[in-house]
Amino acid sequence: MSLYSLDPKPGSAAAKKPNRVIDGKGVQNVESQGDTKVLSASTYKLYIAAYVFHRLEKKQMSWTLTDKQNFDAMIVNSENGFAQTILTRYGNDTVDKYLQSIGLGQPFSGDSAETTANQLVKVLQMLDAGNGPFKNKALRAVCSKTWANRSFATGSQQGSNPLMPKPKCKIKWAF
């Protein structure tokens, strides 16, 4: 388990709560066995998004309509096809080499994707702060918009986006 608190969005319900002071960025930063590797399940798609955004930013990958649709399906419907295509196209070792270079370990070095709670916190911190592969605002907005359209969650999380607000403009896919 790993926990790192983020600042609540100004004016949000979280910002109005009495415990907002203790929930400020980095105030709560605890972990227990946070470096223990576990089966990643769908969280490995955060690493795929990081790698794809890195390649797009470096103009080392084109962003086809098919890629966009498959990326959306990966996040919205929790489908594995796009992630598996990226791993096949570029190779697990290449993806791992990049992820390790930015401090996210090597989730694809074994027979199945494995990660740690601390590595997941780190990739989410990057996404929240707009660092590393998530520094491009247009690409972060793509992630935000796609995340907001998730259909696989139920209850209070359905359609929610804990990291970023929904974009206020339409995004054109021209990367």
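**Helix H7 and its surroundings in a predicted model**

In this predicted model, helix H7 has twelve residues and reaches 16 Å from its first C-alpha to its last, close to the 16 Å expected at 1.5 Å a residue.

User: At what angle do helix H2 and helix H7 pack?

Analyst: Helix H2 covers residues 44–57 and helix H7 covers residues 137–148. Their axes lie 11 Å apart, and H2 passes H7 in a right-handed crossing. The packing angle is about 145°.

User: Which residues of H2 and H7 make the contact, and how many of them are charged?

Analyst: From H2 come Leu46, Phe53, Leu56 and Glu57, and from H7 come Leu139, Cys143 and Trp147. By class, the contact has six nonpolar residues and no polar ones. Glu57 is listed among the contact residues, and Glu counts as charged. The number of charged residues in the contact is one.

User: Against which helices do the buried residues of H7 pack?

Analyst: Among the buried residues of H7 are Leu139, Ala141, Val142 and Cys143. The helices against which the buried residues of H7 pack are H2, H3 (65–76) and H6 (117–129).

User: Which backbone nitrogen does a side-chain oxygen of Asn136 reach at the start of H7?

Analyst: The side-chain oxygen of Asn136 comes to within 2.9 Å of this nitrogen. A polar contact requires N or O atoms within 3.5 Å. The nitrogen belongs to the backbone of Ala138.

User: Is Met126 buried or exposed?

Analyst: Met126 lies in helix H6. Leaving aside neighbours within four places in sequence, Met126 is in contact with Ile102, Leu104, Asn131, Pro133 and Phe134. The cut-off for buried is under 20% relative accessible area. Because its relative accessible area is 10%, Met126 is buried.

User: Why does Gln119 count as buried?

Analyst: Gln119 also lies in helix H6, and its contacts, leaving aside neighbours within four places in sequence, are Tyr47, Leu104 and Gly105. A residue is buried when its relative accessible area is under 20%. Gln119 counts as buried because its relative accessibility is 14%.

User: What is the phi of Ala41, and what is that of Lys59?

Analyst: Most residues other than glycine have a negative phi. Ala41 lies in the loop between strand S3 (38–39) and H2, while Lys59 lies in the loop between H2 and H3. Ala41 is exposed, with a relative accessible area of 55%, and Lys59 counts as exposed at 74%. Each has a positive phi: for Ala41 about 55°, and for Lys59 about 60°.

Terms used
Residues numbered from 1 in each chain as written. Predicted model: local features only at pLDDT ≥ 70, side-chain atom pairs only at ≥ 80, totals over all residues. Heavy atoms only, no water. Axes fitted to C-alpha atoms, helices over the stretch in contact; angles between N-to-C directions. Helix = DSSP H or I, 4+ residues; strand = E, 2+ residues; numbered from the N terminus. Left-handed = near helix turned anticlockwise from the far one by under 90°. Contact = heavy atoms within 4.5 Å. Expected span 1.5 Å × (residues − 1). Buried < 20%, exposed > 50% of the residue type's maximum accessible area, 1.4 Å probe, protein only. Polar contact = N/O pair within 3.5 Å; in protein donor to acceptor, adjacent residues only side chain to side chain.
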